[in-house]
Amino acid sequence: MVSSYLKQTKELFGDELYLDSTDSVKNSQNNSAEELDKYYKQIHNCQECQLGETRNKFVFGVGDPKANLVLVGEAPGAEEDKLGEPFVGRAGKLLDKILAAINRSRKKDVYICNVIKCRPPNNRDPLADEVIKCEPYLLKQIEILQPKLLVALGRVAGKTLLNLESPLKDMRGILHDYHGTPLIVTYHPAALLRNSGFKPAAWEDFKWIRSILEN
């Protein structure tokens, strides 16, 4: 058991050994899956805004509970609402390919969620009162996960998290701060499907993301 602990500690933190009689970062990571599941059970029947009346499924999030990278979209779409999982369908498959290109996946060092947990009718942008009600759920998820980096996928997610009315081009290329966690804004995979001309810039963003995670 001691050798397994030391091996896991080395994988998580490198050659330095951290000993602490209080709750350590390691313990926090080990408990994050349980904490996320507990939190989901607390909030998945939410009726705090009108979207609770029209949703099919509450889309909490999916991925590695020890993730250093958290990807955040604006809200579930029709497929996500049916399946209860963020970023499925064609956009989700493209996102999976991009993640694979930086040696990551939904099960490896990545957690995926949305600002809004229920689908807005006709995929409209989230309303201000919906964000006010739902954003605290995202903040709690981030508190549990303690990621190294957040990435907002798309203009709507970026402007919602940063409280800015700016075009995507003005939000890209900047390391923002979201309640103490570094945040980058890049293209939504659906935008890349609509306009392949965005793909080179998106790839530059993800190479930057990879470099941050690996340094």
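## The hairpin of strands 5 and 6

Let's start at the hairpin that strand 5 and strand 6 make in this predicted model. Two residues sit between the strands, and H179 takes a positive phi there, near 50 degrees. Strand 5 covers residues 176-178 and pairs with strand 6 in the antiparallel sense, over three bridges.

## Strand 6 and its other partner

Strand 6 also pairs with strand 4, this time in the parallel sense and over four bridges. Here L153 stands opposite T186 of strand 6.

How enclosed is strand 6 by the rest of the structure? Largely so, because five of its six residues are buried.

## Helix 10 and its buried face

Now on to helix 10, which runs over residues 199-214. Its 16 residues reach 22 Å from the first C-alpha to the last, close to the 22 Å expected. The buried residues in this helix are A202, D205, F206, I209, I212 and L213. Seen down the helix axis, they fall within an arc of 115 degrees, so they line one face of helix 10. Over on the other side, P200 and E214 are exposed.

What covers the buried residues of helix 10? The cover includes strand 6, along with strand 2, strand 4, helix 5 and helix 9.

## A closer look at D205

D205 belongs to helix 10. With 4% relative accessibility, it counts as buried, because the cut-off is under 20%. Leaving aside residues up to four places away in sequence, D205 touches R172, V185, T186 and Y187.

Terms used
Residues are numbered from 1 along each chain as its sequence is written. This is a predicted model: local features need pLDDT of at least 70, side-chain atom pairs count only at pLDDT 80 or more; totals for chains, interfaces and linings use all residues. Side-chain values use heavy atoms; hydrogens and water are left out. The expected span of a helix is 1.5 Å times one less than its number of residues. Buried means under 20% relative accessible area, exposed over 50%, partly exposed in between (1.4 Å probe, protein chains only). The arc is that of the directions from the helix axis to the C-beta atoms. Contact means heavy atoms within 4.5 Å. Two strands pair if DSSP finds at least two bridges between them.
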